[in-house]
Amino acid sequence: MIKFFRKIRQKMLNENKFSKYLLYAIGEIFLVVIGILIALNINNKNEQRIKAEKLDSIYIEVQRELALNINRISFLIDFYEKKDSINYLILNDKLTKEDYIETQEIAFSLFINIPLNIQNNGYSSLINALDILPKSFSTVLKKLNIVYDDNYFYIANNQ
């Protein structure tokens, strides 16, 4: 293919058809520019696809961790409600043998506190990927900031 174009160029120069050669050269430059633009477009689309896949995996991780944290918090609420009711019964001398048998697993842990351990790896990944985060997700990010920042305040004051 290169030999073919080289022959065309040499033929035009030998026949002193400079205007046709100039038109041919401009056409060849135009084709090269079009090829570069197509390659850049393909590269940009590939980068956008990679960023979208990364964001999708981060979103899935954040959702998984939020569900896990909600389950942990629900468990802790139930645990401390039962513990509180046992404490109330003990403090008011109303604890019966039946109450003790029903809540034996909680009664044994009256003096143990279970800490609230929130997982935030997905949130940290999201914060580290702010440069690829679309502007449309700013409201979601603000709400996540409230959830995780409030949690850090709680943990810092209770440890």
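A polar contact is a pair of N or O atoms within 3.5 Å; within protein, one atom must be able to donate a hydrogen and the other to accept it, and residues adjacent in sequence count only if both atoms are side-chain atoms. The model is predicted: local features need pLDDT of at least 70, side-chain atom pairs count only at pLDDT 80 or more, and totals for chains, interfaces and linings use all residues. Residues are numbered from 1 along each chain as its sequence is written, and side-chain values use heavy atoms, with hydrogens and water left out.

**View 1. Glu65 and its contacts.** Glu65 sits in helix 2, residues 18-91. Helices are DSSP runs of H or I, at least four residues, numbered from the N terminus. A polar atom of the Glu65 side chain lies 3.1 Å from the backbone nitrogen of Asn121. Glu65 is buried but has no salt bridge. Buried means under 20% relative accessible area, exposed over 50%, and partly exposed in between (1.4 Å probe, protein chains only). A salt bridge needs a side-chain nitrogen of Lys or Arg within 4 Å of a carboxyl oxygen of Asp or Glu. Lys and Arg count as positive, Asp and Glu as negative; His and the chain ends are not counted. Beyond four places in sequence, Glu65 is in contact (heavy atoms within 4.5 Å) with Gln119, Asn120, Asn121, Gly122, Tyr123 and Tyr148.

**View 2. Aromatic pairs.** Rings of Phe, Tyr and Trp (its six-membered ring) pair if their centres lie within 6.5 Å; planes under 30 degrees apart are stacked, over 60 edge-to-face, and the rest tilted. The count is 4 aromatic pairs. Tyr59 and Phe137 form a tilted pair, 5.2 Å centre to centre with 35° between the planes. Tyr59 is in helix 2, while Phe137 is in the loop between helix 5 (121-128) and helix 6 (138-158), 78 residues apart. Phe137 is partly exposed, at 31% relative accessibility. Phe79 and Tyr80 pair edge-to-face: 5.1 Å between centres, 80° between planes. Phe79 is buried at 8%; Tyr80 is partly exposed at 29%. Ring pairs join Phe75, Phe79 and Tyr80 into a cluster.

**View 3. Asn46 and Arg49.** Asn46 lies in helix 2 and is partly exposed, at 31% relative accessibility. Its side chain makes a polar contact of 2.5 Å with that of Arg49.

**View 4. Model confidence.** Mean pLDDT (the predictor's confidence in each residue, from 0 to 100) is 81 for the protein, and 83% of its residues reach 70 or more. Over residues 153-159, pLDDT stays under 50; the model has 2 contacts beyond four places in sequence for this stretch.

Note on methods. Helices (H or I, at least four residues) and strands (E, at least two) are DSSP runs, numbered from the N terminus.
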